[in-house]
Amino acid sequence: MNAADNYQFETSRRDLAAGILEQATLDLRRFHGTTSGLEREFYLDAYRWVISDDCSWPFSFLNVCQLLDLIPETVREQVLADMSVGALRYWSRRCGRAARRFKIFLSNIFTNERTANAAEPVM
């Protein structure tokens, strides 16, 4: 394996590790407090993965943290603490973004309408 291939391999591994950690964080936030069997299983899988000290799997929580140069205890604290208020924060951000996009959309409509009306000759 040459240097370029090695760099590509390491970059792909880090990207995959970051994606796994991000998905676990999203699953913990999204499925916290759910009662549906499948959703509860997603939550429990993510929770078990985060609290596990198993290093036998290449993409275990501890190996992912090591690969990403993160301190596992700190990541656990952040992910699990975010979980308790995460749903409210998550939906607040989502609704805030949607409201801003809607405001921009309406602003563009009225701006374009005024511009079109100003361009029309008055008789």
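The legends below describe close-up views of a predicted model.

View 1. Read along the sequence, the pattern is α-α-α-α, where helices (H or I, at least four residues) and strands (E, at least two) are DSSP runs numbered from the N terminus. Of the 123 residues in the chain, 24% are buried, meaning under 20% relative accessible area with a 1.4 Å probe and protein chains only. Residues are numbered from 1 along each chain as its sequence is written, and side-chain values use heavy atoms, without hydrogens and water. Because the model is predicted, local features need pLDDT of at least 70 and side-chain atom pairs count only at pLDDT 80 or more, whereas totals for chains, interfaces and linings use all residues.

**View 2. The largest nonpolar core, with 18 residues.** Such a core is a set of buried Ala, Val, Leu, Ile, Met, Phe, Trp, Tyr and Cys residues joined through side-chain atoms within 4.5 Å; here L21, W49, F61 and V64 touch the most other members. Helix 1 (3-30), helix 2 (37-51), helix 3 and helix 4 (72-119) each supply at least two residues, and helix 3 gives the most, with five residues.

**View 3. The surroundings of L21.** Leaving aside neighbours within four places in sequence, L21 is in contact (heavy atoms within 4.5 Å) with W49, F61, V64, L68, L70 and V75.

**View 4. N63 in helix 3 (residues 61-67).** N63 is buried, with a relative accessible area of 19%, and, not counting residues up to four places away in sequence, N63 touches C55, W57 and P58.

Key
Buried < 20%, exposed > 50% of the residue type's maximum accessible area, 1.4 Å probe, protein only.
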